[in-house]
Amino acid sequence: MKVAEKTKFIQPGTLIGKRIPKMDAPEKASGKTRYIHDIDLPGQLYGKILRSERVHARIKHIDTAAAKALPGVHAVITAADIVDQRPIGVAKDHLPLKTDKVRSLRDEVAAVAAESEQIALAALRLIKVEYEDLPILTDPAEAIKPGATLIHPEPRQPGGQDALKPSGPVAFTGKPDNIAMRFDYCHGDVVQAEAESDAVVEDTFKLHYVTHCCMGVSGMIADFDSSGNLLMYSNTQVPFLHKREFAEYLNMDPGRIRIIQPAIGGGFGSKLDIYPFEVICVFLARAAKRPVKLVFTREEEFISSPTRQPVLLTLRSGCKRDGSLTFRTVHTLHDNGAYTSWGATTPFVMMQTFSSLYRVPNCDYHTVAVYTNNPYAGSFRGYGNLQATFAVEAHMDKLAEAIGMDTLEFRLKNAQEQGEVSGQGMEFDSCGFKECLTTAAERSDFRRKFAENVKNRNAPGAIKRGVGIASMLHVGGGAKIYPSDGCGTILKLDDFGQVTLITGASEIGQGSETVLSQLVCEELGLPMSALTVVNNDTAITPWDVGVHASRTTFIAGNSALGAARLAKAKVLAAAARKFECPAEELDLRGGYVIKAASGEALIDLPRLMRNLHFSDKAELVMTTFYYEPPSSYQDKRYKGNVSAAYAWASQVVEVEVDTETGIVKMTKITAAHDVGRVLNRLGIEGQIEGGIVMGQGYALTESLIIENGVMRNPSFRDYKLVTAPEIPEIDISFIETMDGEGPQGAKGVGEAPAICVAAATANAIYNATGVRICGLPFTPERVYRALHGKGEKLYLAPEKAA
Amino acid sequence: MTEIEQYVAPSSLEQAAEYLQRSGEVTILAGGTDLMPQSQGGRLKIKRTLMNIQHIPELKGIAIDGGAIRIGALATITEIMQSELIKKHLPILIEACDHFASDQIRNAATLGGNVCNASPAGDMLVPLLVLDAEVELASKPDGGLTRRRLPLSEFFVGPGKTRRAPSELLAGLRIGLPGAHHYARFFKFGTRPALDIATISIGIAGTLNNGALSSARVAFGAVAPVPMRAPRTEQALEARRLDAATIEAVAGVARDEVTPIDDVRASAWYRKELIHNITKRMLDHVAQA
């Protein structure tokens with residue numbers, strides 16, 4: 001006789017807001033994760049690139065005979081060997097292998113595939129290149145002047161001196177000047193507004209070169225199969241965009257290209273564009289008819305990776321005596337470098353901060369991005385927002401001081417609120433800005449310390465204390481910069497109640513696979529152990545725009561949630577048939593189908609799944625969902641609600657300034673972030689701490705030193721990342737505004753924490769010393785010079801907006 | 001890459017000296033922490049013979065020897081940091097070790113290597129200078145092993161250049177046991193707590209009596225082609241009571257005595273300012289000691 005099973009009741013529980021360890025952490029911590037370095041294919045060759053020895057020169061002759069003759073070398077290629085080369089990049093102004101000229105020191109001149117790295121390096125040394133030097137242009141203010149040497153002179157006539165191979169189709173024909181891109185935005189009337197202002201301030205700010213310093217350097221493997229299909233192991237952040245673009249550059253059917261992403265050792269925006277090394281690696285594999293692996297050295301990573309966009313920026317701002325902002329006028333000069341990557345397009349984000357972080361009724365914004373022979377800039381966590389926020393928040397302090405208003409009060413008076421639409425058309429459906437301001441200020445005792453430090457500026461002693469506040473606005477619900485900002489999900493339940501989440505969203509170390517799994521498990525009432533994530537193969541995963549714009553939790557999260565909801569409906573419908581009750585009375589919890597009202601377990605999920613699969617009306621629970629956010633593409637005047645949600649944050653930085661050495665020590669950072677809702681508390685804390693430390697490096701220590709086009713410090717010895725003992729105490733508060741569109745109310749925060757650290761630090765140094773420093777980073781020497789009246793005089797010429 | 005024709009690993013000082021005597025074309029490998037990055041970076045070409053001296057017992061150890069402390073050329077930074085003898089008699093060396101690169105590098109890097117690399121910014125060199133250290137050089141010119149001693153202050157002739165002859169091997173360093181009331185402090189200025197090349201470094205030593213330093217020794221790093229003793233600064237300091245005016249005057253002499261250059265780490269002007277301000281700060285500490 002069968003004993004009746006005891007009735008089981010499942011208690012409600014939630015994963016949301018819990019501290020969930022990252023799913024990839026055990027593998028990474030134990031050294032088992034396989035990065036691109038760890039992958040080797042049978043028959044694989046090693047690729048190496050010969051880069052220019054000159055900053056700007058005509059290539060007169062390349063002799064590869066000796067390199068080709070070296071035993072173990074399978075391919076040596078130059079532009080002359082690749083007749084179908086096409087220009088790559090955001091403006092299609094960049095040939096992977098240079099034909100006529102080199103325009104910066106990183107330029108690719110030739111490449112080798114050989115049986116070992118040593119042989120490939122030996123072969124590079126045997127290649128002889130004859131150059132004829134051209135005038136070097138490294139100052140964007142010079143490059144913009146009429147009559148300046150042209151970096152990309154037009155027209156590129158077939159047969160002309162600057163001709164590309166006639167057979168290679170060219171989208172880019174050169175430029176009559178050195179201007180790569182322009183951006184002009186305006187709302188209101190700044191002239192009228194200035195006339196009505198009681199206080200007006202103007203400063204020029206200089207934002208420097210930094211680079212991502214991913215622990216995993218760039219690299220890829222290219223492999224053609226016997227049918228000519230191309231498989232790439234790639235660290236890209238945008239596999240689906242790459243697939244299409246590679247097809248275009250290689251003149252291939254996109255259907256024959258497959259991209260697999262091994263575990264990626266950091267991205268931060270650096271892997272958002274296609275770079276010459278990737279195309280060259282494919283050319284080498286094609287020429288050698290063998291798989292080719294090309295991985296950068298650390299020095300190469302410094303020299304040949306994109307940088308954050310360096311900017312010279314003049315800001316003019318005004319307000320009335322009552323503290324209301326009246327206008328902002330911005331002119332920026334972007335050093336584009338020799339070629340155009342995403343750095344040139346940072347104005348898309350910069351203008352949002354000028355126009356919309358605070359309520360400003362009149363705003364004029366102008367950027368000119370200018371070609372030089374310097375390294376070129378790409379996208380980097382924050383995407384121009386660190387630069388813009390640095391200027392805006394300096395002026396918030398200066399204007400408050402000018403009208404004698406408390407600096408926090410001044411910010412609160414102008415802060416955006418829920419329900420507002422900014423001058424640029426951004427719609428703030430959820431907005432915790434004021435709460436961020438007051439929380440960060442209260443938790444750090446900002447007001448008291450601020451007043452005290454001002455009083456103590458002239459007290460004896462070399463060490464001065466300072467406290468500064470800054471805030472930021474950034475997209476938190478995707479960013480509609482392509483016609484689609486969507487992401488697809490395929491969800492599959494198997495006979496054992498295990499779920500496979502197949503998502504287009506890539507994991508680059510930010511914790512996306514964990515947070516997406518969490519959302520699915522929450523919906524299906526399953527433990528995290530029930531989830532397997534597949535997210536790294538374009539032949540399997542559905543479309544996604546890519547990892548950028550802090551979008552993955554929001555967009556891929558909503559997509560995963562959508563697929564999970566469909567799966568849940570299917571499972572509950574099956575259970576409703578089995579138990580002959582309405583599906584609405586059922587729910588999923590703890591791995592069981594339960595009665596929603598009582599929590600009584602009816603059947604465990606694996607058994608129900610087998611019932612479904614093994615019946616004569618067999619059914620699979622496999623769902624798909626595609627999420628496209630309700631945001632809009634900006635119009636030609638850069639107006640529109642570009643994101644489905646916006647993230648806000650305020651950070652208070654406390655410093656000690658040693659006036660006898662210029663050393664700035666960060667002692668504490670108090671951060672308050674409007675994150676919509678905390679999904680994985682452990683994950684979001686890690687992301688915010690990491691972002692703050694990245695911001696600290698931008699503020700204090702990191703700087704790529706470029707002199708006459710030459711990088712002087714391409715190593716971790718002289719490029720100073722922040723080390724562990726320098727990291728200050730970090731106090732994080734989460735403001736949960738429960739965004740109506742966000743998955744479980746969450747918004748994206750990937751970039752947010754890095755954005756306002758430097759701005760708040762500048763304000764803290766001013767609070768400590770009474771000296772405003774408008775250039776970064778705050779290295780001891782820069783600070784010491786400023787304190788002793790020997791600071792840099794920054795100036796942006798009037799022709800900036802010509 | 002270099003075409004190394006021969007790798008040798010002698011097991012005695014005599015053997016090593018013999019190799020050096022036979023051919024001047026020898027690159028000496030001890031900890032390798034300077035040699036490897038320099039050769040990889042193309043700044044140093046490894047010669048035909050690479051000689052690993054790690055197996056030579058006479059180059060090891062830290063011991064008292066005839067009124068002096070002898071530190072073998074192969075003593076690692078970690079060994080020096082952990083040595084009870086050094087802690088007791090030469091704590092200034094511990095201060096320098098504590099700012100020396102990272103744990104991993106300290107475990108491999110040797111004192112002899114730091115001295116022979118002769119970087120103007122070498123972390124151990126400034127404290128050794130103010131301790132009046134001597135180098136002990138071994139060679140085998142005519143069949144017999146001979147040793148000569150040279151004050152460290154005369155050893156350095158330029159960046160990476162010393163008075164060590166190609167046929168000589170640095171066997172160790174000798175430092176006289178400090179007497180009563182000996183005072184010695186080291187300060188390294190870098191942009192971060194560790195893992196940094198000094199922007200400047202300062203060593204100050206002497207016998208401290210009634211707020212004045214006699215037999216004063218001052219040395220500076222990273223402000224001249226070699227780690228330098230500063231005789232004019234020493235003279236200004238010698239046996240003077242350290243009141244505010246004296247301290248200011250000495251700091252001024254120090255600023256004028258150094259001859260730094262501009263490089264990626266700092267400008268010459270800023271280095272001079274640091275020499276002035278930190279000398280002043282260190283002398284304030286002496287005055288309060």
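**Exercise 1. Helix α16 of chain A**

Which side-chain oxygen reaches to within 3.0 Å of the backbone nitrogen of A:R607 at the start of α16(A)? Then determine which residues of α16(A) are buried and what covers them.

*Solution.* This is a predicted model, in which local features need pLDDT of at least 70, side-chain atom pairs count only at pLDDT 80 or more, and totals for chains, interfaces and linings use all residues. Residues are numbered from 1 along each chain as its sequence is written, chains are lettered from A in the order in which they are written, and side-chain values use heavy atoms, without hydrogens and water.

Step 1. The oxygen belongs to the side chain of A:D604.

Step 2. Helix α16 of chain A spans residues 605-613; helices are DSSP runs (H or I, at least four residues), as are strands (E, at least two), numbered from the N terminus. Its buried residues are A:L605, A:L608, A:M609, A:L612 and A:H613, where buried means under 20% relative accessible area (1.4 Å probe, protein chains only).

Step 3. Viewed down the axis of α16(A), these residues fall within an arc of 135°, so they line one face of the helix. The arc is taken over the directions from the helix axis to the C-beta atoms.

Step 4. Among the elements covering them are α15 (552-579) and the strands β17 (487-493), β20 (586-589), β21 (592-595) and β22 (601-604) of chain A.

**Exercise 2. The largest nonpolar core**

Identify the residues that touch the most other members of this core, and trace the contacts of A:F778.

*Solution.* Step 1. A nonpolar core is a set of buried Ala, Val, Leu, Ile, Met, Phe, Trp, Tyr and Cys residues joined through side-chain atoms within 4.5 Å. The largest has 121 residues, of which A:F205, A:L313, A:F354, A:W648 and A:F778 touch the most other members.

Step 1. Helix α10 (residues 385-402) of chain A supplies the largest share, 9 residues.

Step 2. Not counting residues up to four places away in sequence, A:F778 touches several residues, including A:F390, A:V664, A:L700, A:I765 and A:V783; contact means heavy atoms within 4.5 Å.

**Exercise 3. B:L125**

*Solution.* Step 1. B:L125 lies in helix α8 (residues 125-130) of chain B.

Note on methods: Buried < 20%, exposed > 50% of the residue type's maximum accessible area, 1.4 Å probe, protein only. Polar contact = N/O pair within 3.5 Å; in protein donor to acceptor, adjacent residues only side chain to side chain.
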